[in-house]
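Work through the exercises below with the sequence and the 3D view open. Try each task before you read its solution.

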Amino acid sequence: MGAEHIVTIEGRALPMRGEDIDTDRIMPARFLKAITFEGLEAHLFEDDRLAAKRSGQLHPFDEATYQGASILIVNRNFGSGSSREHAPQGLRRSGIGAIVGESFAEIFFGNALMIGLACVTAAPKDVETLMALVERDPATTLKIDLKAGTCRAAGLTVPVSMPANVRDALMTGAWDTTGLLTDRYDEVNAISSRLPYLNGFFSPQRS
């Protein structure tokens with residue numbers, strides 16, 4: 001399989017309103033004892049979802065109309081708080097491939113890049129327009145084009161952006177370090193065969 005080049009992300013969206021949504025809310029700490037990331041998606045926003053149910057409401061991640069969404073729309077400073085890589089991992093495992101937001105916490109943004117979760121920013125008024133559009137019609141399809149720097153939906157084109165080096169890493173596959181290794185497996189294998197510490201360098205001396 002080789003490095004994945006991410007240029008466009010297309011799909012239905014899930015709007016989640018609120019500023020400063022931190023990683024403790026995205027993925028509560030009590031689920032971090034798991035050795036692997038498997039099953040984390042089931043615990044996304046678990047406390048918020050339980051609180052919403054107690055008040056007779058539904059959290060956006062429990063809304064039937066948003067099930068299967070691959071793009072998340074958020075407000076300012078999404079992913080703030082602790083440097084919890086489980087938060088973007090849970091989102092990615094739930095099927096979210098991109099997030100459109102007003103701004104992102106720096107560490108969350110970096111952790112998202114490491115797993116190919118594209119986080120693009122848009123002006124607050126454009127984020128509001130996209131949220132309102134999807135809330136009116138959850139079947140609306142969004143298409144994010146990293147090369148063009150746009151998000152298109154229902155005849156609407158919204159400019160989106162991300163740092164040039166991050167955009168290039170996603171588009172060229174440089175974000176996917178494992179994929180890069182498998183792309184050049186024969187070369188990597190040949191080099192490793194010449195490294196003494198991988199080939200008996202520490203073997204005990206025989207008398």
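The exercises go from the whole chain to single residues.

The model is predicted: local features need pLDDT of at least 70, side-chain atom pairs count only at pLDDT 80 or more, and totals for chains, interfaces and linings use all residues. Residues are numbered from 1 along each chain as its sequence is written, and side-chain values use heavy atoms, with hydrogens and water left out.

**Exercise 1. The whole chain**

Task: Find how many helices and strands the protein chain has, and what share of its residues is buried.

Solution. 
- Step 1. The protein chain has 8 helices and 7 strands.
- Step 2. Buried residues make up 43% of the 207 residues.
- Step 3. Look at contacts, meaning heavy atoms within 4.5 Å. Take those with a separation of 6 or more: residues 24 or more positions apart account for 70% of them.

**Exercise 2. The sheet**

Task: Give the strand order of the open sheet and name its edge strands.

Solution. 
- Step 1. Two strands pair if DSSP finds at least two bridges between them. The order is S4-S3-S2-S1-S5-S6-S7, and the pairing is mixed.
- Step 2. S4 (118–121) and S7 (156–159) each pair on one side only, and they are the edge strands.
- Step 3. On average, neighbouring strands are turned by 30° against each other, direction ignored. The axes behind this angle are lines fitted to C-alpha atoms (for helices over the stretch in contact), and angles run from 0 to 180 degrees between N-to-C directions.

**Exercise 3. Thr150 between two strands**

Task: Find which residues stand opposite Thr150 on its two neighbouring strands.

Solution. 
- Step 1. Thr150 lies in strand S6.
- Step 2. Strand S5 (residues 141–145) runs antiparallel to S6 (residues 150–153), joined by 4 bridges. Here Thr150 is the bridge partner of Asp145.
- Step 3. S6 and S7 also pair in the antiparallel sense, over 4 bridges. Thr150 stands opposite Pro159 in S7.
- Step 4. S6 and S7 form a hairpin with 2 residues between them, and Ala154 in the turn has a positive phi of about 50°.
- Step 5. Thr150 has a relative accessible area of 11%, so it counts as buried. Leaving aside neighbours within four places in sequence, its contacts are Lys143, Ile144, Asp145, Thr157, Val158 and Val160.

**Exercise 4. Helix H3**

Task: Why is helix H3 described as largely enclosed?

Solution. 
- Step 1. H3 (residues 86–93) is largely enclosed by the rest of the structure because 6 of its 8 residues are buried. They are His86, Ala87, Pro88, Gln89, Gly90 and Leu91.
- Step 2. Their cover includes helix H1 (23–26), strand S2 (71–73), strand S3 (98–101) and H4.
- Step 3. Just after H3, Gly95 takes a positive phi of about 110°.

**Exercise 5. The nonpolar core**

Task: Which residues of the largest nonpolar core touch the most other members?

Solution. 
- Step 1. A nonpolar core is a set of buried Ala, Val, Leu, Ile, Met, Phe, Trp, Tyr and Cys residues joined through side-chain atoms within 4.5 Å.
- Step 2. The largest core has 55 residues, and Leu72, Phe78, Leu91, Ile99 and Phe108 touch the most other members. Helix H5 (residues 124–136) gives the largest share, 5 residues.
- Step 3. Follow Phe108. Not counting residues up to four places away in sequence, it touches Thr23, Ile26, Phe78, Gly79, Ala87, Pro88, Leu91, Ile99 and Cys119.

**Exercise 6. Helix H6**

Task: Find what the buried residues of H6 pack against.

Solution. 
- Step 1. In H6 (residues 164–172), the buried residues are Val166, Ala169, Leu170 and Met171.
- Step 2. They pack against helix H4 (106–114) and S4.

Notes: Buried < 20%, exposed > 50% of the residue type's maximum accessible area, 1.4 Å probe, protein only.
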